[in-house]
Amino acid sequence: MVDQKLFDPTGKFPKPPYKKQSQPWPGLASRMDPRPDHGETSYRGSGRLAGRNVLITGGDSGMGRAAAIAFAREGADVAINYFPTEQPDAQEVIALIKTENRIGLAIPGDIRDEKFCQDLVRRAVEGLGGLDIVVSNAARQQSRESILDVSSEDFDATMKTNVYAPFWIIKAALPHLKPGSAIIGTASEQACDPSPELYDYAQTKAATMNYVKSLAKQLGPKGIRVNAVAPGPIWTPLQVSGGASMEKLEQFGSHTPLGRAGQPAELGSIYVQLAAADASFATGQVYGSAGGSGQP
């Protein structure tokens with residue numbers, strides 16, 4: 001057995017100030033500086049999810065990409081959904097999945113459309129040969145200084161992406177999920193400690209936390225577990241494509257006790273743990289990862 005080295009978490013990844021940068025929504029990880037770490041070179045699997053079939057929304061970048069890489073290296077076949085303009089990032093993820101000799105299925109499309117969400121699940125089931133892990137991760141976040149700056153179109157787009165889409169996808173997936181299956185949502189520290197400029201986004205994450213706890217009670221007797229990951233400030237395209245002001249972006253994560261933003265790679269193992277069979281008593285739980293700040 002090889003000894004594991006100790007790493008000081010405060011200096012493990014880049015610290016602010018970060019370079020000022022912006023991209024059109026929804027943004028690409030491949031164009032960020034510094035480029036986010038999703039565990040591409042660091043995550044090592046041990047067969048914990050061998051034979052499992054996974055659908056991940058927002059699987060091209062951020063926490064969804066970290067989860068996709070980790071799941072594939074744990075032996076799972078993985079379908080990822082992403083917005084069509086995110087194709088360059090998605091191609092990288094699919095290549096990484098296939099390097100592990102697992103099925104990597106790319107299904108681009110807009111989850112703000114109910115019919116597409118239904119089709120997404122159908123294509124995942126057909127392409128993977130089944131479905132037993134659903135990771136509802138994709139989200140829309142746009143920073144607005146005042147509620148007066150949030151248009152009805154903006155509000156609707158955020159609600160459709162963050163609240164309606166998980167409802168449609170889980171509803172379509174449920175008939176395919178057998179006992180032992182897992183549903184994982186991506187919440188946020190914003191659910192309990194909302195920022196003033198994220199009026200619409202924050203309330204969708206409170207809704208995520210709530211539906212996770214509700215569904216866990218509803219589906220527990222059926223042997224289906226439902227949990228969520230609640231990140232703090234994580235370095236993803238969400239931030240550089242309108243999710244944070246330029247001033248906040250430059251100092252992103254500096255308020256945390258660790259003094260930096262988190263990297264998606266630091267959350268991949270949490271998604272694995274929530275999906276794995278040895279977490280069989282964990283349901284209705286929200287796992288935080290916020291560098292010592294926020295809640296839960």
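Predicted model: local features only at pLDDT ≥ 70, side-chain atom pairs only at ≥ 80, totals over all residues.
Q: What angle and axis distance go with helix 1 and helix 8?
A: Helix 1 (residues 62–73) and helix 8 (residues 268–275) pack at about 60 degrees with their axes 8 Å apart. Helices are DSSP runs (H or I, at least four residues) and strands likewise (E, at least two), numbered from the N terminus, and axes are lines fitted to C-alpha atoms, for helices over the stretch in contact, with angles from 0 to 180 degrees between N-to-C directions.

Q: Which residues meet there, in helix 1 and helix 8?
A: From helix 1, M63, A66, A67, A70 and F71 are in contact (heavy atoms within 4.5 Å) with G268, Y271, V272 and A275 of helix 8. By class, this contact has 8 nonpolar residues, 1 polar and no charged ones, where Ala, Val, Leu, Ile, Met, Phe, Trp, Tyr, Cys and Pro count as nonpolar, Asp, Glu, Lys and Arg as charged, and the others, Gly among them, as polar.

Q: And helix 4 with helix 5, what angle do they pack at?
A: Helix 4 (residues 152–173) and helix 5 (residues 199–219) pack at about 15 degrees, their axes being 9 Å apart, and they are therefore roughly parallel to each other. The residues of their contact divide into 10 nonpolar, 5 polar and 2 charged.

Q: Switching topic, how many salt bridges does the structure hold?
A: The structure holds 18 salt bridges, each a side-chain nitrogen of Lys or Arg within 4 Å of a carboxyl oxygen of Asp or Glu.

Q: What does R35 form a salt bridge with?
A: R35 pairs with E92, and their closest N and O atoms are 2.5 Å apart. R35 lies in the segment before strand 1 (53–57) and E92 in helix 2 (residues 87–99), so this pair ties together parts that are 57 residues apart in sequence. R35, E40, R65 and E92 are linked in a network of salt bridges.

Q: How far apart in helix 3 are E126 and R122?
A: E126 and R122 are 4 residues apart in helix 3 (residues 114–128), so they are separated by about one helical turn. Their side chains meet in a salt bridge at 3.1 Å, N to O; E126 is exposed at 54%, while R122 is partly exposed at 39%.

Q: Last one: where is I94, and which residues is I94 in contact with beyond its neighbours in sequence?
A: I94 is placed in helix 2 and is buried, with a relative accessible area of 11%. Leaving aside neighbours within four places in sequence, I94 is in contact with I80, G104, L105 and A106.

Methods. Residues numbered from 1 in each chain as written. Heavy atoms only, no water. Buried < 20%, exposed > 50% of the residue type's maximum accessible area, 1.4 Å probe, protein only. Parallel < 35°, antiparallel > 145°, perpendicular 65-115°, else oblique.
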